[in-house]
Amino acid sequence: MRLTTTVDWLMDKTVVPGYSRLGPAVRRAWWPADPAPDALVGRHVVVTGASSGLGEAAVVGLARLGATVHMLGRRQDRLDDSAARVRDRLAAPGTPAADLVSEVCDVSDLDAVRAYAAGLADQIDALHGLVHGAGVLPPERAESAQGHELVYATHVLGPFLLTALLRRLLREDGDARVVWVSSGGMYTRNLDASDPEGTAREFSGTDAYARTKRMQVVLAEMWAERLRTDQIAVHSMHPGWAATPGLTESLAGFAKVAGPLLRTPEQGADTIVWLAAAGPASVTGGCSGAFWSDRHPRSKTFLPAVKASPDERAKLWAAVTEAVGTEPY
Ligand SMILES: NC(=O)c1ccc[n+]([C@@H]2O[C@H](COP(=O)([O-])OP(=O)(O)OC[C@H]3O[C@@H](n4cnc5c(N)ncnc54)[C@H](OP(=O)(O)O)[C@@H]3O)[C@@H](O)[C@H]2O)c1
């Protein structure tokens, strides 16, 4: 036990072994059991960023466990193509087709998020899982429909609002989970809530990406505290380095160098699916607010001294609630 803990820790701290495909290949020898094959039968899970990469791979894993998966993306044609690939992957003689609902919702657009959440509340009585997978790394500064910096709107504002608006449906499930798909890139940034939109600095996609991925980890922790009494567990996680369209397009040089070491999308999505489906909630629920990778909670900072201060966290919460609206969250 102590040996595996040490090996696991070393793989994480030395980065390449833990983040590459070696991570799941080695850790599966000791990581917690798979969810039961019917763990999600009769349950609904929303996945944003479902038309590509890790989101699509998570849909495969969740649908395989019996969930009705609500696939969100910005374009219907991409969602339809993705749903067709998922159905192909899961097709087997004598088994029902994957239960997928694809819906257009640009999560960076706060009006679209409000409309989507209202529509979902008319369709279903309870929501088991909400996976915040949508991600972007644009080369140039861009703005959302409401004029917010796009990376911040996609990674922070939209998911925050969606979580708030779906809270009642999540509470109805009695054992719900919210999963924020963050990134190991967040280790390179401390929380800086003084300028969340990055207006005072020259735009860099990788900087905006890493800063907002740090915000996701902090907000997951803060939501976990608020939603504990509703029996809703909230987690953030990093998928390691996975060969997805997003990675190969946005970080082409890195993808080329790391090529043979990259995980498959399924390996990257494994912890997303496990967090949404492992049960009972006591397996993961006691760790609500944790940051996971390969089915294990990981440190949120390399050095304890750089932990976000309560003041900085409160400042972030205030900035986000001001941007998304005045409802009491
Ligand atoms: N791949 C990795 O190694 C890696 C590592 C660390 C973290 N991550 C994180 O994992 C998540 C998935 O990344 P990926 O590598 O799978 O990238 P990807 O292949 O580019 O997929 C990104 C997905 O996000 C969707 N999306 C983007 N903006 C959206 C918006 N405003 N509203 C709704 N959907 C939106 C895209 O859909 P459309 O373009 O069809 O709308 C697409 O389905 C991201 O959050 C990323 O930061 C990935």
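Modeller: Helix α7 passes helix α9 in a right-handed crossing; a crossing is right-handed if the near helix is turned clockwise from the far one by less than a right angle, and left-handed if anticlockwise. This is a predicted model, in which local features need pLDDT of at least 70, side-chain atom pairs count only at pLDDT 80 or more, and totals for chains, interfaces and linings use all residues. Residues are numbered from 1 along each chain as its sequence is written, and side-chain values use heavy atoms, with hydrogens and water left out.

Colleague: At what angle do α7 and α9 pack?

Modeller: Axes are lines fitted to C-alpha atoms, for helices over the stretch in contact, and angles run from 0 to 180 degrees between N-to-C directions. Here α7 (residues 150-165) and α9 (residues 205-227) pack at about 15°, their axes 8 Å apart. That makes α7 roughly parallel to α9, a term for angles under 35 degrees.

Colleague: Which residues of α7 meet α9?

Modeller: Contact means heavy atoms within 4.5 Å. In α7, Val151, Tyr152, His155, Val156, Phe160, Thr163 and Ala164 meet residues of α9, including Tyr209, Leu219 and Trp223. By class, this contact has eleven nonpolar, four polar and one charged residues.

Colleague: How do the axes of α4 and α12 cross?

Modeller: The axes of α4 (residues 53-64) and α12 (residues 265-277) come within 8 Å and cross at roughly 55°. Therefore α4 is oblique to α12. The crossing of α4 and α12 is right-handed.

Notes
Helices (H or I, at least four residues) and strands (E, at least two) are DSSP runs, numbered from the N terminus. Angles under 35 degrees count as roughly parallel, over 145 as roughly antiparallel, 65 to 115 as roughly perpendicular and the rest as oblique. Ala, Val, Leu, Ile, Met, Phe, Trp, Tyr, Cys and Pro count as nonpolar, Asp, Glu, Lys and Arg as charged, and the others, Gly among them, as polar.
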